[in-house]
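Please look over the sequence and the model before reading on.

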Amino acid sequence: MDVSRYLPLAPRDLLILAIIAEGPIHGYGLIKSVEERSNAGVLLDPANLYRVLRRMKDHKWIRIAADGSARRRSFAITSLGRAVLAAELHRLEELLAQARPALAEGETG
Amino acid sequence: MSPRRPWVVRAYARALLILPRRVRRQDAAAMAETFDDLWAEGKGTRRLGHAARAFGRLPLVAVAEWLDALGITGGTAALDASGSKGGRSMGWGTHVRFALRSLGKAPGFALTTVLLVGLGVGAVTTIFTLVDHVLLRQLPYPDADRLVLLENGSHSGVIWEEFNQMSSVDLWAASSSRSANLVGEGNPIRIIETVVSEDFFRMFDARPAMGRLLVRDDFRAADNVLLSHAMWRRVFGGAQDIVGRTIRVDGEALTVVGVLSGDFVSPEGLVNSGEAADVWRPIDWSDEGYARPGRRVLRVAGRLAPGVTLETAAAETEQVNRRMAERYPDNYVDRQGNMDTTPPAFLQEVTTRRVRPGLNLLLGAVVLLLVVACLNIAHLFLARGLGRTREMAVRRALGANTVGLVNQLLVESVILGVAGGVLGVGLASLGVRTFLSLNPSALPWAGDVTVDLRVLAFAAAVSVLTALAFGLLPALRSVGRDLTEELRGANRSASTGRRTFRLRSSLVIAEVATSLVLVTQAGLLLKSFINVNTLDPGFGVEGVWTLPLTPNGLEGPEYVEAMDRIRASLAAVPGVTTATYGLSQPFEFTGGGRCCWSRGTILADGVERQDLRIFLQPVSQDYLSTLEIPLVAGTAWPPGESRQEPWPVVLAERLALELFGSAPRAVGQVLEVGPDTRVRVTGVAGDIRYYGLDQELPASIYVPIERVPFDIDMAHFAVRVAEEPPSGLASSLREAVWAASPGLPVPTVRNMVEWVGMSTAGRRFDSVLFATFGVLALLLASAGLYGTLLYSVGEQRQELGIRLALGAGRTRVQRRVVGRGLGLAVVGAVLGLGGTWLVGRYLESRLYGMLPTDPATLGSAVVVLLAAAALASWMPARRASRTDPLQTLKAE
């Protein structure tokens with residue numbers, strides 16, 4: 001499955017996708033987790049969150065978890081979503097590996 | 001929605017209604033729930049932070065969602081699982097094709113809309129182009145925003161030296177213009193000679209087209225000359241070997257060192273566009289006149305040093321003024337003890353001050369016209385939209401989605417907007433050219449005005465916005481109606497009809513109100529023009545021809561002798577009854593300029609009058625009789641007595657009344673009109689409107705021109721012609737001048753009627769322009785009213801049919817419809833009168849002998865408007881009364 005055309009992800013999207021990947025979660029939980037995980041660096045509001053979630057759902061990266069009610073829907077990751085997440089993390093790791101020596105040299109030199 | 005939720009959450013849930021329906025259906029409940037949780041869990045500032053974020057970001061999200069929903073941005077809807085564009089939305093190419101096809105089916109609608117957009121955009125763009133060039137754009141000089149002009153006229157060489165010591169200004173330029181006579185190139189030609197200081201061309205970034213500019217060495221010899229590009233083309237036919245040639249100006253032989261580049265823009269305020277310099281020469285600083293504090297001939301501009309404010313420079317110039325006042329109290333302090341000031345003002349600001357209100361007024365007027373055009377566009381789209389609701393409903397039923405339909409309406413609007421914009425730009429470039437060729441108010445800086453990219457961008461923005469705001473929005477009403485309702489024919493249901501009628505009525509009211517403002521403005525200006533034109537100039541205008549001459553280099557008696565020779569020669573021309581000359585003639589200085597002498601003081605029998613501004617008019621023999629200025633008392637001085645002491649003079653009646661209470665009492669009085677100048681009144685002449693029909697009567701004293709104590713380079717002749725002017729009069733007058741004084745240019749021979757006409761040309765132009773706007777607005781408003789009533793009559797066909805069937809008279813039905821139309825017009829007129837009152841003060845300075853609230857004008861404007869409204873209502877009313885009851889009922 002070629003997922004590279006979805007990359008790169010916006011940092012906010014990456015964070016949201018990563019948290020959903022850890023297990024089904026509803027909107028409120030997502031906002032709190034993103035806030036904690038990013039040390040309050042990424043703050044979400046409901047309208048924007050659901051806009052992102054809707055897009056992910058349309059892309060079929062996530063689906064509505066079976067146990068959710070209409071109001072308190074939980075979202076779970078799909079295999080496509082997991083593949084996108086993995087590809088993005090891989091891309092970032094490679095990028096880091098490529099960029100790090102520059103800083104190391106800067107420090108010694 | 002749970003009633004137990006806190007009000008903040010309820011408010012948020014309600015705020016979510018601004019999202020598109022599809023988004024709301026999917027997620028609004030979950031969003032509200034999430035917000036509820038956040039609110040319930042948080043405390044204090046955290047909770048407020050969440051709430052602020054949720055509310056604060058909602059509008060942005062909503063905009064993004066709507067853009068998606070309308071298909072303007074990629075959005076989520078357009079992406080299917082595979083990420084490619086789905087079959088649900090069409091490409092833009094298809095939209096354009098569809099839109100063109102659909103507009104092609106309604107050519108009347110399309111054409112009218114394009115014309116309306118074109119008209120509005122054309123008018124606004126024309127005026128905007130001028131405003132942009134004259135008021136907004138930076139002057140075409142380096143560091144233009146630091147260039148200042150020293151106000152209060154011309155300055156002496158003495159103060160110029162002082163200015164040059166100032167630290168807040170790092171570059172100075174001075175110039176002085178006069179008319180001169182060029183001989184030896186065919187007929188003698190009158191030219192404008194401008195002398196400039198060393199840094200003048202540097203400050204204004206001039207480049208030579210040939211040869212070189214003036215350099216410092218030229219200032220030692222001062223007999224080198226630079227030609228303007230226009231002069232080089234006009235007089236020397238663009239000769240390539242011009243550099244090094246010798247030309248003769250006022251008897252001096254000058255060497256041409258270069259030709260100025262054609263794109264050089266003369267700095268307004270130093271060199272006026274009305275009298276663009278033909279030759280440029282270095283200032284001859286060795287001329288001792290520049291050492292006299294009383295000889296003020298230099299226009300002075302400076303460049304502020306970097307970082308210096310205007311205030312700082314103003315403070316420093318004031319110090320200079322103070323020093324001058326101490327050193328030369330005779331020249332730099334007036335009789336009231338006030339020190340002369342020369343405050344600096346930004347060059348662009350000071351040179352456009354005169355035309356700024358006029359341009360802004362015009363801009364206001366064309367914006368109003370655009371508003372009326374826009375409202376009419378809204379009418380058209382509304383009417384078309386109503387016709388299309390069914391089409392839209394059917395297309396939706398056949399599978400077209402809302403996004404697609406909206407997109408298509410969008411494309412239609414934009415196409416009409418763009419077409420209208422193209423037309424508008426075409427009209428604007430035509431309009432700008434026409435405007436400039438008339439150039440009624442001598443716009444400064446308008447030499448090379450063209451419709452350029454900047455203006456095109458402006459026009460494009462106006463036209464597309466117009467089409468979107470007034471085309472798309474009404475059109476959107478046709479989308480999103482329920483299909484079943486449409487197919488049931490519910491678009492003709494009473495409630496929808498009433499809503500639409502109300503909307504269209506408000507449009508009509510707005511149109512009528514706006515047009516009334518334009519119509520009253522036109523009326524006020526027209527009436528002022530008529531007021532001015534019915535004024536009596538005070539002398540016999542018909543049959544007078546004038547020849548302004550510039551005899552240079554003649555000293556006192558020499559001048560009088562030469563001019564008297566010309567006068568005799570002119571008087572001998574067949575058909576001429578009398579000839580005369582003076583320093584100037586009436587109606588030559590009808591702008592801001594005032595020729596020639598003005599002294600603030602007069603002493604009459606020891607009584608000092610300081611409040612009078614007196615105009616000394618040096619004139620020759622037969623002046624009063626040639627112009628047919630009536631003598632009210634006494635006589636004009638006889639030819640032999642002009643040399644007597646005190647000078648024999650004739651007072652204008654106004655001055656005689658002011659000083660002595662009556663004209664006869666003034667005769668024989670002796671007064672002092674300046675240092676060592678005592679005059680004896682031999683007669684009192686009727687007042688004449690010397691400086692223009694709409695100008696104040698000047699307090700004139702006619703004095704013998706032979707007594708004027710210094711050399712003059714002006715002699716403006718007037719001749720009176722008996723009855724029909726003989727053919728070829730102008731050339732025989734020219735020949736007569738040359739017979740007496742070969743080599744003297746005669747630039748114009750003009751009838752006095754023409755001069756008088758020129759003095760009101762600005763008013764005529766204003767009236768014509770505003771009358772055009774007013775009539776257009778009136779037509780558009782009437783069309784709007786007509787369309788609205790026609791629509792409402794159509795709506796009520798059934799009702800009218802029943803009424804007619806039940807025996808209501810046709811007149812009654814007609815009266816009802818006309819009454820409705822007039823009702824709208826009256827509401828609009830009342831609002832319009834309010835608007836007129838609001839804009840009145842901008843017009844005040846252009847009115848003559850009336851207030852902007854002139855009841856007669858306002859009343860007539862309202863009557864004209866209501867008459868137009870009545871006519872526009874009567875036509876649909878006639879149609880209503882002709883409704884065939886049977887047919888109407890059958891149709892249902």
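The notes below cover the interface, chain B, a sheet and a helix pair.

This is a predicted model: local features need pLDDT of at least 70, side-chain atom pairs count only at pLDDT 80 or more, and totals for chains, interfaces and linings use all residues. Residues are numbered from 1 along each chain as its sequence is written, while chains are lettered from A and ligands numbered from 1 in the order in which they are written.

**Interface of chains A and B**

- Contact joins 19 residues of chain A with 20 residues of chain B. Two residues are in contact if their C-beta atoms, placed from the backbone, lie within 7 Å.
- On chain A, α2 (27–37) and α3 (46–58) each supply at least two residues of the side that touches chain B. Helices (H or I, at least four residues) and strands (E, at least two) are DSSP runs, numbered from the N terminus.
- α3(A) gives the largest share of that side, 8 residues.
- By class, that side of chain A holds 10 charged, 7 nonpolar and 2 polar residues. Ala, Val, Leu, Ile, Met, Phe, Trp, Tyr, Cys and Pro count as nonpolar; Asp, Glu, Lys and Arg as charged; the others, Gly among them, as polar.

**Chain B overall**

- Chain B has 28 helices and 24 strands.
- Of its 892 residues, 42% are buried (20 or more other C-beta atoms within 10 Å of the residue's own, with C-beta atoms placed from the backbone).
- Take the contacts in chain B between residues at least 6 apart in sequence: 83% of them join residues at least 24 apart.

**Sheet in chain A**

- Three strands form an open sheet in the order β1-β3-β2 (chain A), with antiparallel pairing. Two strands pair if DSSP finds at least two bridges between them.
- β1 (25–26) and β2 (62–64) of chain A are the edge strands, each pairing on one side only.
- β1(A) and β3 (residues 74–77) of chain A run antiparallel, joined by 2 bridges. I25(A) has F75(A) in β3(A) as its bridge partner.
- Helix α1 (residues 11–21) of chain A packs on the sheet and touches β1, β2 and β3 of chain A. Its direction makes about 90° with that of β3(A). Angles run from 0 to 180 degrees between N-to-C directions, and axes are lines fitted to C-alpha atoms, for helices over the stretch in contact.

**Helix pair in chain B**

- The axes of α18 (residues 556–571) and α22 (residues 729–740) of chain B come within 8 Å and cross at roughly 140°.
- R565(B), I566(B), S569(B) and L570(B) in α18(B) meet residues of α22(B), including L733(B) and V737(B).

Conventions. A residue is buried if 20 or more other C-beta atoms lie within 10 Å of its own, exposed if 12 or fewer, and partly exposed in between; C-beta atoms are placed from the backbone.
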